[in-house]
Amino acid sequence: MREQVIQSSPRDPGVGQPMLDPRFEYLVLTVGPGERLADARARVVEHAEYGKWELHRVVHLYSGARKHWLRRRVMRVERTL
């Protein structure tokens, strides 16, 4: 299982990247075809419960792998001084 955090930006995404909302940051969990679904489910639940992530989308690939997209709102703080 591989985890990748994606910081979204208001600019145009690159080739192969979906259009991401700049108000959120994304975490992509890639689960291989040989890995158990229960392990992936447990990992998603841990991130949702402790990291405040929410499940955004699940993609099933032709190879049998699955990508779970999680997102959470980014709090941008402006400087006051």
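The entries below go from the overall layout to the helix, the strands, the rings and one histidine.

**Ground rules.** I am working with a predicted model, in which local features need pLDDT of at least 70 and side-chain atom pairs count only at pLDDT 80 or more, while totals for chains, interfaces and linings use all residues. I number residues from 1 along each chain as its sequence is written, and side-chain values use heavy atoms, with hydrogens and water left out.

**Layout.** From the N terminus on, I read the order of the elements as β-β-α-β-β. I then asked for burial, where buried means under 20% relative accessible area, exposed over 50% and partly exposed in between, with a 1.4 Å probe and protein chains only; buried residues make up 30% of the 81 residues. For contacts (heavy atoms within 4.5 Å), I noted that among those between residues at least 6 apart in sequence, 55% join residues at least 24 apart.

**Helix 1.** I checked the length against the expected span, which is 1.5 Å times one less than the number of residues: the 14 residues of helix 1 (residues 37-50) should span 20 Å, and the end C-alpha atoms are 20 Å apart, which agrees. I found Ala40, Val44 and His47 buried in helix 1. They cover an arc of only 65° around the axis, so they lie on the same side of helix 1; the arc is that of the directions from the helix axis to the C-beta atoms. On the other side of helix 1, I found Arg41 and Tyr50 exposed. The cover over the buried residues of helix 1 includes strand 1 (2-7), strand 2 (24-31) and strand 4 (66-73). After helix 1 comes Lys52, with a positive phi near 65°.

**Strands.** I counted two strands as paired if DSSP finds at least two bridges between them. Strand 2 and strand 4 pair in the antiparallel sense over eight bridges, and Leu29 stands opposite His68 of strand 4. Strand 3 (residues 54-60) also runs antiparallel to strand 4, joined by six bridges, and I noted Arg71 in strand 4 as the bridge partner of Glu54. The hairpin of strand 3 and strand 4 has five residues between the strands, and there Gly64 takes a positive phi near 100°.

**Rings.** I searched for ring pairs of Phe, Tyr and Trp (its six-membered ring), with centres within 6.5 Å, and planes under 30 degrees apart as stacked, over 60 as edge-to-face and the rest as tilted; the structure holds one such aromatic pair.

**His68.** I ended with His68 in strand 4, which is buried, with a relative accessible area of 9%. Leaving aside neighbours within four places in sequence, I listed the contacts of His68, among them Leu29, Ala40, Val44 and Arg57.

Key: Helix = DSSP H or I, 4+ residues; strand = E, 2+ residues; numbered from the N terminus.
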